[in-house]
Amino acid sequence: MPKRTDIKKILIISSGPIVIGSACEFDYSGSQACKALREEGYETVLINSNPATIMTDPGMADHTYIEPLEPEFIEKVIAKEKPDALLPTLGGQTGLNMGFFLSRAGILKKYGVEVIGADAKAIERAEDRDKFKQTMASIGIAVPESGIATTVEEGLALGDKIGFPIILRPAFTMGGAGGSCAYNIDELKTGLELALDVSPLKQVLVEQSVLGWKEVEFEVIRDCKDNVIIVTSMENIDPMGVHTGDSIVVAPAQTLTKEEFVHLENLCKKIIRAVGINGGGTNIQFAVNPDDGRVVIIEINPRVSRSSALASKATGFPIARVAAKLAVGLSLDEIVNQVTGKTYTFFEPTVDYAVFKVCRFTFEKFPEANPVLSTSMKAVGEAMSIGRNYKESLQKGIRSLEYRRFGLGADGRDVPPELSADAELVKQKLVYPNADRIFWLRYAIKNGMSDQEIYEHSKIDPWFVHQMREIAEMEEKVAAYKLADIPDKLLLEAKGLGFSDIQIAHLTGSNEVAVYEHRKEKGITPVYKLVDTCGGEIDPMKPYFYSSYDNAKDECRATGKKKIMVLGGGPNRIGQGIEFDYCCCHASFAIKEEGYEAIMVNSNPETVSTDFDTSDRLYFEPLTREDVLHIVQKEKPEGVIVQFGGQTPLNLAHQLAEAGVPILGTSVDSIDRAEDRKRFKTLLKKLKLAQPANGTSVSFAEAKKVARKIGYPVVVRPSYVLGGRAMVIVYDEGDLEEYMQKAVIASPDRPILIDKFLDDAIEVDVDCVSDGKKTVVMGIMEHIEEAGIHSGDSACVIPTFSLAKTMLEEIRKASYALAKDLKVKGLMNIQYAVKDGKLYVLEVNPRASRTVPYVSKATGIPWAKIATKAMMGKSLKEQGIDKEVIPEHFSVKEAVFPFNRFPGVDPVLGPEMKSTGEVMGIDHDLGVAYMKAQIAAGQKLPLSGKIFISVNDKDKRKIVDIAKRFDALGYQIVSTSGTAGVLRKNGLEIEEVAKLGEGRPDVLDLIKNGEVKLLINTPGDKKTKVDETKIRSGAIMHMIPIVTTLSGARATALGIEAVKKKGYSVRALQDYHK
Amino acid sequence: MKAVLALEDGTIFEGISFGAEGEIVGEVVFNTQVVGFQEMLTDPAYARKIIVIGYPHVGNAGINDRSNESNKAQAAAFVVKEYSKVYSNWQARESLADFMKRHKVVGIEGIDTRALTVHLRDNGEMKGIISTSDLNKESLVSKAKAYEPSDLVSEVTSAMDLPKAKPGSTTVIINLGVNNSTLARYPGAKIVLSDITAEKVLEKQPEMVVISSGPGDPRELTALVDQVRKLVGKVPVHGIQNGACVVALALGCTVERMKVGHHGVNHPVVDPRTGRGEITAQSHSYGITDVPAGVKVMHVNLNDKTIEKIQSKDGSCVATLYFPIDERGKLEKGYKPV
């Protein structure tokens, strides 16, 4: 069918900030959608609150709104832009929920907007648990026995009927948020309370558990002609009971017969037709009983999803792009498969390789959280690996995760034998799914446990277990040799099973570099094979590449052209996420603009950088020394960019430079001068710049000395880390000792850094770009929260709002001097603190920072591109960049946190970064911009009602002014005794509430009953922490906004004041930067 | 044990033996399916073929009682990247290797089957040999070259009456190597030998005559083509894959060997007038390349634009080069959802 001509302008709602369960896969899908619709000639309007995305680049959509994803704001955009259609299926669960809500509320009707991609009825049949059950029943597909509860009592009654264990699934939430598994009545009750709380419809599905069944997923697409295709199947290695986002997933499914396969595919076709998707895709999840093949359907997601992004990258079939085109009336047989270049999207991709998706967790950031995997997703990122067999792929996947593990064990980083040989411990680790289960599975094998026993404990299919056993067997064969006398054939075989040089070095008592050189000499190097969508049946035009030791034929397509290689950031994690992918993509775009070929290396399937058409050639590979060097040897690039992908490629810079790889931009030595504390100190001294008193140490004794000299409080942290990993403020020697013991694990071969902590200082971030001669400040960002809160977790503002002109001049001068002395070529980020009118340099990072996309959106200049060209030798002058741009509007960046995934974890901020994502609020009024950022970040700040204020003693004096502002704005203030006393003394009328354990109703009751609409609670000392954690964590679970710093409270009061005065309006980014 | 695969063009692949040992010649074809090794192995359309599977793991689900496409292994050999050392599926009865040993199917693993697939794609399907006894390359290549396929259809054809569910007229299936998936769609059918005459067929008063899929070169079945020509107009005739080629020849179409046959489960077949279609399973090396006036082209392959379905003027005679996956009747019945 030809595309529709009755619609001209299409609104795309995207997914907002990166949170657990909704990550940069939606930047990938949204960018694809924007490109696809523009290709077809439609005018596009995009709304997304996340500035770190490629899709919000002004060139992607015609009208880009960085505004909160809330109905109020979307309606304003609709009223302003008057789109003909709304495409809600490309923005994850957020986009879908918004679309559904706008439709139900009659807003779409009011403005004459049609929903395309999946109509409201289809969405309802898929998402509303009752309607879904009915629809499945109507086509004879079994669902687990279940019922819908809207109250705890209903839920308990259902539980009684169904029997334990029971799965709880709240309706309309993403990533299984609020879901749980209950084994007893107590767990059922708390689970129900939580699930009902988080479901926007206050609905929860109480469901028969199919724990331990195989979890098999399909990606299915249907067009308006009723053509249906199955893009791929995927099988979760961790069976039912672990959220698919937390499971190790393989594509395609491995342990089904063809008959079972075809049966499930036929069910998929029935389902997509019955649900009524006729121009889009859906993910369908089944549970299959491993004992008798019984099948039940778990759920479907009628939209692009994390799984569809994975399926796209695993097969080369771009689901989001195709879904966008189907939504405007095209059919599968009309859309060209761009990877083959000569066939159409009406076909089913097939593969001749094995794909693994492995998950990156972040429990180390939330030590109080229960590290067991369950039905609520906890992973913050993922890596995908491709190999010519599962063993090769699995081991590549593990080293892609960058946990400093280099394969399935045998890499010198296994737990000590007393743990791995502890039969009871090993069993526990198999029974309770956890982030390291795969390594425990290897210990179980080594301890002599059979495939069947391991299966019985873990429910991981024996087929997968045996793959791991084959790896363990190879390990022993290799370990029998020294590197010099290992037979070539055996070495090749080991590499073919995915063994890394580090593993082989560990097994043969050698080192990584020696193994690499040995292999090179013997000619044991990988070939490159293609992801071509068709298993080799068609010679493709634009495939991408993976390495393999299945080496009868090398299909590498390296050319003799001029080229630059970009190293990506690997899996997302806290501290290193989409911001760096944004920079890498821009590097690629800039390289192409300069007439070079862009070569991308990355392992993250969620990203735009691993899209098949972002770069000239994409290598889907782990970012480790050997994997990168192999590609360098084939491609022989003019230069390699390591400064855009975050710490991942930066950590490789030394090794690559030593191996003779040309590193583009700022030299490795300069990076070292900035990172190495001693050299950094010398640098600052030379430039006459101040830094907080500091020292380094490798032992507790030394640390104690340094800290005493500096004076407490001090900030301690390991060197060479991102996101403030293991960084804390230490107030006394006892804490310091405790820290030193743990820190050794955080970073074994690098010293601990100790800095004087600057109380109540203003923190400032500066991003700048240099071509080696001239440096231009991209943006000076003033933090809302005081120094001491990790810069990634602070709200910040462009332009600055409280710093004096002279101070800004001083900051600029310091930045220029640093860039000059470090001979920066490319990007640099500097963190300053201003205390009592004095400027301190906290940190210098001669690389892309997390704030680059935010600064680019705030100033309207694509800085990462400019930096890339500067690194390639094009001066800033030639690029027309001569001075800092200070916008007239305010752009506020706010961090978004995953606390709702970790019940019981204290959501208080500190020097260790905890946020997963960010949003931006933009307005000509600072207060309004701040409020927009807060709302976009999920803080539903109330404009009236009761607010709870309770602060520590240090803050009691300063809270008075803030409380007075809230009082003047008409809020009723509720406090516990201490704070209430202080406020009353200052003439405020306060409602007093009991502290925990001092009578009811207490604070928690007010939170649970929704009586308070906002909490302002600054953390006290260790003694009060337990109760405070309950209160703050309670607020998070009940979605009541919470502010934990005084500066944040002040900004909130000012913001509310501004909004009450001026109200909200929306404006496209393109209009701000006209 | 070491095994060698040699192609008639001199290309050599070395690997490890699994399944039966020995030496076997045949035509080498690749299949891009991820699952379905048991079905391929037992489908008479693959009689005496050396099947190359691009997907790296083969044998994962083992051999079960439900997946056979005939009562024995038909293919000559399997060429795989990695034979799965264990199998895991609740229906599995034995390993693929044991089944291959029992049925004397030669296997070779450790082969870069992607490289081999791409080689066959670029150079066309060709003859090959696998041996565990003769590892001499020249000798193997010359043996591959010398291979002349026998009359495969007469080897695989057989006759029988399927049990009838209800009385009444029935379908006659002319058996060129019919598989169980096809039979499942025609309960009560009478299966007859490939050398049957039109008169004998008509004596059975069929409501429809199906010419089944099967191995070999359909152009050599000249006697059958003559008989089918006599059936046209008297009874509805439906040809599938090689059977479709026979029907096409009877209708005066041109049938030729394809450079690369269709062997997989992801072939898009569409009605060129509407773009509506199905993803289909196919395993054939011969195609219909030209049709005379009066014969309508109903479906084409969306990828390579080859003819996939034709129909005689009156619509009574149909030839399809695919098995629509949706219509695999046996999958619908007897399956046990919760």
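B:Ser17 has B:Ile108, in strand 10 of chain B, as its bridge partner. Strands here are DSSP runs of E with at least two residues, helices are runs of H or I with at least four, and both are numbered from the N terminus. Two strands pair if DSSP finds at least two bridges between them.

Strand 10 of chain B also pairs with strand 7 (residues 77–79) of chain B. Here the strands run parallel, and three bridges join them. One of the partner pairs is B:Phe78 with B:Gly107.

Which way do the residues of strand 10 of chain B point? B:Val106 and B:Ile108 point one way, B:Gly107 and B:Glu109 the other. All are buried. A residue is buried if 20 or more other C-beta atoms lie within 10 Å of its own, exposed if 12 or fewer, and partly exposed in between, with C-beta atoms placed from the backbone.

A word on the model itself. It is predicted: local features need pLDDT of at least 70, side-chain atom pairs count only at pLDDT 80 or more, and totals for chains, interfaces and linings use all residues. Residues are numbered from 1 along each chain as its sequence is written, while chains are lettered from A and ligands numbered from 1 in the order in which they are written.

Now step back to the whole of chain B. Chain B has 10 helices and 22 strands. Its C-alpha trace spans about 55 × 45 × 40 Å along the principal axes. Why does the radius of gyration of chain B fit a compact globule? Because 338 residues would give a compact globule a value near 20 Å, and chain B has 20 Å. The radius is taken over C-alpha atoms, and the globule rule is 2.2 Å times the number of residues to the power 0.38. Buried residues make up 58% of chain B. Of its contacts between residues at least 6 apart in sequence, 74% join residues at least 24 apart. A contact means that two C-beta atoms, placed from the backbone, lie within 7 Å.

Chain B is assigned domain 1 (2–149) and domain 2 (153–331). Such bounds come from an automatic or database domain assignment. The C-alpha centres of the two domains of chain B lie 27 Å apart. Their contact takes 21 residues from domain 1 and 22 residues from domain 2 of chain B. On the domain 1 side, strand 3 (23–31) and helix 3 (113–123) of chain B each supply at least two residues. Strand 3 of chain B gives the largest share, three residues. That side divides into eight nonpolar, eight polar and five charged residues. Nonpolar means Ala, Val, Leu, Ile, Met, Phe, Trp, Tyr, Cys and Pro; charged means Asp, Glu, Lys and Arg; the others, Gly among them, are polar.

Turn to chain A. There are 37 helices and 40 strands in chain A. Its radius of gyration is 28 Å, close to the 31 Å that the globule rule gives for 1074 residues, so chain A is as compact as a globular protein of that length. Its C-alpha atoms fill a box of roughly 75 × 65 × 65 Å along the principal axes. Buried residues make up 62% of chain A.

Helix 10 (residues 306–315) of chain A is mostly covered, with 10 of its 10 residues buried. Among them are A:Arg306 and A:Lys313. After this helix comes A:Gly316, whose phi is positive, near 85 degrees.
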